[in-house]
Amino acid sequence: KYSLIIPVYNRPDEVDELLESLTGQTFTDFETVVVEDGSSARAAIGGENAGRLSVKYYDKPNSGPGQTRNYGAERSSGEYLIVLDSDCVLPAGYLQAVDDELRSEPADAFGGPDRAHESFTDVQKAISYAMTSFFTTGGIRGEEEKDKFYPRSFNMGVRAEVYRRLGGFSRMRFGEDIDFSIRIFKAGCSCRLFPSAWVWHKRRTDMK
């Protein structure tokens with residue numbers, strides 16, 4: 001039912017941690033599509049997680065995150081596409097929360113919040129607060145319900161038919177997720193916040 005699309009650029013350890021979290025999902029009707037965006041340090045797909053996940057793994061020349069997500073979408077088979085950043089970790093009930101929301105009220109697109117885990121470093125927690133606080137971008141990132149919720153690419157779901165009809169992400173290197181969200185609304189599609197479908201978002205480990 002779901003295809004999880006994960007673009008990666010030189011982050012093999014993060015991908016391994018994300019895949020490990022996927023093995024514990026209570027809802028299991030999904031495939032995972034990992035796409036290396038011209039990485040020199042590639043993920044070791046097929047190690048401990050082999051046999052526990054349905055993983056499609058691709059390696060292509062660098063083209064940026066938006067085009068890499070599109071590459072994965074073209075090779076996916078799910079009814080819904082869920083885009084995740086490689087530095088996210090999913091709680092065991094993430095996909096079940098998504099499925100429960102869609103069963104209660106269908107949506108063409110959706111997204112959820114991000115949180116800091118207790119194991120994060122002080123810098124990671126500070127960056128998480130800076131990105132999710134009510135005083136910064138917490139509202140539009142999913143901490144509050146607004147008239148319009150614009151999902152971000154760290155935790156964004158779209159009906160596959162809608163994704164392909166709109167042409168997926170643009171060639172923009174930055175802000176491509178907001179651009180896509182705006183085009184979803186302009187096309188008259190429904191988009192909702194799923195508050196219970198949150199992820200742990202590690203982000204960078206230092207200010208650089």
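**A tour of rings and charges**

Select Ser21 to begin: with a relative accessibility of 11%, Ser21 counts as buried (buried means under 20% relative accessible area, exposed over 50%, partly exposed in between, with a 1.4 Å probe and protein chains only). What you have open is a predicted model, where local features need pLDDT of at least 70, side-chain atom pairs count only at pLDDT 80 or more, and totals for chains, interfaces and linings use all residues. Residues are numbered from 1 along each chain as its sequence is written, and side-chain values use heavy atoms, leaving out hydrogens and water.

Ser21 belongs to helix H1 (residues 12-22); helices (H or I, at least four residues) and strands (E, at least two) are DSSP runs, numbered from the N terminus. Leaving aside residues up to four places away in sequence, Ser21 touches Val89 and Leu90 (contact means heavy atoms within 4.5 Å).

Now for the rings. The structure has 10 aromatic pairs: rings of Phe, Tyr and Trp (its six-membered ring) pair if their centres lie within 6.5 Å, and planes under 30 degrees apart are stacked, over 60 edge-to-face, the rest tilted. Select Phe110 and Phe194, a stacked pair at 4.7 Å centre to centre and 10° between the planes. They sit 84 residues apart, Phe110 in strand E6 (residues 109-111) and Phe194 in the loop between strands E9 (191-193) and E10 (199-201). Both Phe110 and Phe194 are buried.

Last stop: pick Arg115, whose charged end sits over the ring of Trp198, 4.1 Å from its centre (CZ of Arg or NZ of Lys within 6 Å of the ring centre and within 35 degrees of the ring normal).
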